[in-house]
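I opened this notebook to record what I looked up in a single model. The entries below follow the order in which I worked.

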Amino acid sequence: PDLGQIYNLNDFEFVARHTMEKVAWAYYSSGSDDEITLRENHLSYHRIYFKPRIMVDVTNIDLSTTMLGCKTSVPFYITATALGKLGHPEGEVVLTKAAAKEGVIQMIPTLASCSFDEIVDAATDEQTQFLQLYVNADREICQKIVQHAEHRGIKGLFITVDAPQLGRREKDMRSKDIADLSHVQGEGDDADRSQGAARAISSFIDTGLNWKDIAWFRSITKMPIILKGVQTVEDSLKAVEHEVDGIVLSNHGGRQLEFSPPPIQVLAELMPILRERKLDTKMEVYIDGGVRRASDVLKAIALGAKGVGIGRPFLYAMSTYGVDGVVRAFQILKDEMIMNMRLLGATTMDQLNENFVDVRSLNRY
Ligand code: FNR
């Protein structure tokens, strides 16, 4: 269909399912095991209702906010997803170009199909990019990556902490080993790189990564350090103790531990505790997984998230319509957000708080 007939992010998924290469679709869409966590990530948002306020002047709506001190036009960002060239021959730079047009922050994955420098080079001077890091067991390599990123102007280091081993994504396994994807990739270096990357995922990642390593990261970089893949209140509090700059409540989009809880549930439990202990200003709390509508974004912001990561929907938009598709995805979310804010009776991100949401059904199934 024509891009004008795409009305929401689910429409991109529908088109992607029917037009993408099977192996690429399987890799992007899959979750681990029976995909319970994958589904619950999204469904848990359905158990939160709004508490809309009336008779508020909602003429001017401002969606802008900051993440790690960087300005952004919207409270959502493009989270890191590996192997962009499976979906589009130009890979991650498609997302970079779209992000530039709409003022959206992009997180660059360690396992991108494009090289790190290609993705940074594709960005404008005003654009903000973060780096997602899979910690290499070879700390010399790791240090080089981190320091190079800082040198290139990356504004935040998101260390993935939920993937010491790759989860079982059976849809992906069935569709064929990811290592057979060279024909999708085209010829040359990229094909080899992506084959190697996917295969290497479980081999180069440091299974020994632990809390003591945070001090080491601090010693090698001045970038803010954020742990991506925190799944409990307990570990969130530990993250505060270790003085990280932020956390991402995330279960890797339901691709790692099956029955890891939906992040929005963890957020709703965590924020009152952080507030009560006056720790809510110590670090920024981000969230990702299952966000498909602006209402999902606003619920997370109301519950205390500083920003919301979105993965698959942007991959599907990229794979089906390229830069224009991703731009459209951003615009759809912005339009939905403005409408939702008006109907909610809030005009800025700062105004959104827990009084705008009813979470009484969140833990009832
Ligand atoms: C991911 N994710 C991910 N995370 C990470 O830290 N490093 C990575 O290389 C990847 N790669 C990756 C590939 C694909 C195809 C997907 C779908 C996801 C996880 C990602 O950052 C994020 O946590 C989820 O995608 C969020 O869930 P949604 O928005 O996809 O539902």
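**Entry 1. Overall form**

I note at the outset that this is a predicted model. I began with the secondary structure of the chain and found 14 helices and twelve strands. I then looked up the radius of gyration, which is 19 Å; the globule rule gives 21 Å for 365 residues, so the chain is as compact as a globular protein of that length. For the extent of the C-alpha trace along its principal axes, I recorded about 60 × 50 × 45 Å.

**Entry 2. Helix 1 against helix 14**

I turned next to the packing of helices. Two packed helices are described by the angle between their axes and the distance between the axes. At what angle do helix 1 and helix 14 cross? I found that the axis of helix 1 (residues 9-19) comes within 10 Å of that of helix 14, with a crossing of roughly 165 degrees.

Helix 1 contributes Leu9, Phe12, Glu13, Val15, Ala16 and Thr19, while helix 14 contributes Pro313, Tyr316, Ala317, Ser319, Thr320, Gly325, Ala329 and Ile332. Sorted by class, this contact of helix 1 with helix 14 holds nine nonpolar, four polar and one charged residues.

**Entry 3. Helix 13 against helix 14**

I then examined helix 13 (residues 294-302), whose axis comes within 8 Å of the axis of helix 14 (residues 312-344) and crosses that axis at roughly 60 degrees. Helix 13 and helix 14 are therefore oblique to each other. I noted a right-handed crossing here.

From helix 13, the residues in contact are Ala294, Ser295, Val297 and Leu298; their counterparts in helix 14 are Leu333, Glu336, Met337 and Asn340. I classed the residues of the contact of helix 13 with helix 14 as five nonpolar, two polar and one charged.

**Entry 4. The ligand shell**

My last item was the ligand. Which residues lie closest to the ligand? I counted 24 residues around the ligand, and the closest are Ala82, Thr160, Gly253, Gly311 and Arg312. Helix 2 (22-29) and strand 11 (307-310) each supply at least two residues of this shell. By class, I recorded twelve polar, eight nonpolar and four charged residues in the shell around the ligand.

Note on methods. Residues are numbered from 1 along each chain as its sequence is written. This is a predicted model: local features need pLDDT of at least 70, side-chain atom pairs count only at pLDDT 80 or more; totals for chains, interfaces and linings use all residues. Axes are lines fitted to C-alpha atoms, for helices over the stretch in contact, and angles run from 0 to 180 degrees between N-to-C directions. Helices (H or I, at least four residues) and strands (E, at least two) are DSSP runs, numbered from the N terminus. Angles under 35 degrees count as roughly parallel, over 145 as roughly antiparallel, 65 to 115 as roughly perpendicular and the rest as oblique. A crossing is left-handed if the near helix is turned anticlockwise from the far one by less than a right angle, and right-handed if clockwise. Two residues are in contact if their C-beta atoms, placed from the backbone, lie within 7 Å. Ala, Val, Leu, Ile, Met, Phe, Trp, Tyr, Cys and Pro count as nonpolar, Asp, Glu, Lys and Arg as charged, and the others, Gly among them, as polar. A residue is near a molecule or strand if its C-beta atom, placed from the backbone, lies within 6 Å of it. The radius of gyration is taken over C-alpha atoms; the globule rule is 2.2 Å times the number of residues to the power 0.38.
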